[in-house]
Amino acid sequence: RGWEQAWEQDTRPVREAIAVCASRNEDQLMLYREGLLSCPPSVFSLTQLRHLHLGANRLVSLPATVAVLSNLDSLSLGQNRLSSLPHAVCSLPLLTDLSAYRNELSSLPSGIGALTSLTRLQLHTNRLPLLPPTLGHLARLETLELHSNLLRSLPPSLANLGVGSGGRLSRLTLHDNPLDPALLAAPGAGAALALLRRAGEGLPPPLGDADVDPRSGGVSEGWAQAVLRSA
């Protein structure tokens with residue numbers, strides 16, 4: 001009974017915040033650092049929500065019911081314990097800002113490319129070993145934070161996000177990943193190099209004649225390593 005009383009006390013601010021949001025028809029709900037182990041089901045009755053903040057809790061999953069919040073503009077899930085995101089997230093047509101940094105993500109839903117309104121995607125400090133090719137469909141993306149993951153390669157479609165390819169990406173972070181320099185030294189890597197040069201946190205050294213392999217059209221491994229260090 002003592003445990004139940006403590007739980008009642010701990011969750012009272014959450015229940016009150018949800019009740020106030022519902023009664024006032026507010027479009028923002030802040031449940032930051034509330035010790036939540038799961039998202040309260042009553043949140044999904046607030047279909048008017050445009051901004052949902054669930055950061056710095058202890059969430060291990062997000063239910064597929066999130067799809068009913070079709071008016072969401074921003075979804076903040078950073079600093080939780082999520083190992084994956086439900087495919088239902090990909091059916092939020094108005095989402096422009098998705099933050100899922102500092103979790104335990106080991107994969108992304110293959111349909112993430114359906115979030116064509118996204119302008120900011122924060123996925124840094126997770127356990128992602130690879131990225132779905134559909135990430136390159138996010139033509140409106142301006143910020144993509146991927147640093148501190150387990151990425152060894154990048155999907156070629158990522159080059160579609162660069163300004164020179166019709167995309168809008170202006171910030172890309174890739175540091176602290178075990179990226180293979182051969183990725184950029186390979187033939188046809190020009191688009192990826194251009195993307196990194198425009199969107200990286202720092203610019204790589206100038207590309208000279210000695211840095212280009214005339215046979216393959218790729219670049220030297222030394223120059224590629226410099227690019228990776230600066231991105």
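Which residues is Arg-120 in contact with, leaving aside its neighbours within four places in sequence? This tour of a predicted model returns to that point after an overview.

**Whole chain.** Read from the N terminus, the elements follow the order α-β-β-β-β-β-β-β-α-α-α. Of the 231 residues, 46% are buried. The accessible surface amounts to about 11200 Å², and carbon and sulfur atoms contribute 51% of that area. Among contacts with a separation of 6 or more, 38% link residues 24 or more positions apart.

**The sheet.** Next, select the strands. They form an open sheet of 7 strands in the order β1-β2-β3-β4-β5-β6-β7, with parallel pairing. At the edges are β1 (28-30) and β7 (171-173), each of which pairs on one side only. On average, neighbouring strands in this sheet are turned by 5° against each other, direction ignored.

**Strand β5 and Arg-120.** Select residues 120-122, which make up strand β5, and display Arg-120 within that strand. Leaving aside neighbours within four places in sequence, the contacts of Arg-120 are Thr-96, Asp-97, Leu-98, Ser-99, Leu-141 and Thr-143. Arg-120 is classed as partly exposed because its relative accessible area is 32%, a value between the 20% and 50% limits. A C-alpha to C-alpha distance from Arg-120 to Leu-144 gives 6.2 Å, although the two are 24 residues apart in sequence.

Now move to Leu-98, one of the contacts of Arg-120. The largest nonpolar core contains 51 residues, and Leu-98, Leu-121 and Leu-144 have the most contacts inside it. Helix α1 (residues 2-24) supplies the largest share of this core, 3 residues. Not counting residues up to four places away in sequence, Leu-98 touches Leu-75, Leu-77, Leu-85, Val-89, Leu-115, Leu-118, Arg-120, Leu-121 and Gln-122.

**Strands β6 and β7.** Select residues 143-145, strand β6, together with β7; the two pair in the parallel sense over 3 bridges.

**His-147.** Finish in the loop between β6 and β7, where His-147 is located. Is this residue, His-147, buried or exposed? His-147 has a relative accessible area of 12% and therefore counts as buried, the limit being under 20%. To view the surroundings of His-147, show His-124, Thr-125, Thr-173, Leu-174, His-175 and Asn-177, with which it is in contact when neighbours within four places in sequence are left aside.

Notes. Residues numbered from 1 in each chain as written. Predicted model: local features only at pLDDT ≥ 70, side-chain atom pairs only at ≥ 80, totals over all residues. Heavy atoms only, no water. Core = buried A, V, L, I, M, F, W, Y, C linked by side-chain atoms within 4.5 Å. Buried < 20%, exposed > 50% of the residue type's maximum accessible area, 1.4 Å probe, protein only. Helix = DSSP H or I, 4+ residues; strand = E, 2+ residues; numbered from the N terminus. Contact = heavy atoms within 4.5 Å. Pairing = 2+ DSSP bridges. Axes fitted to C-alpha atoms, helices over the stretch in contact; angles between N-to-C directions. Areas by Shrake-Rupley, 256 points an atom, 1.4 Å probe, with all protein chains shown as cover.
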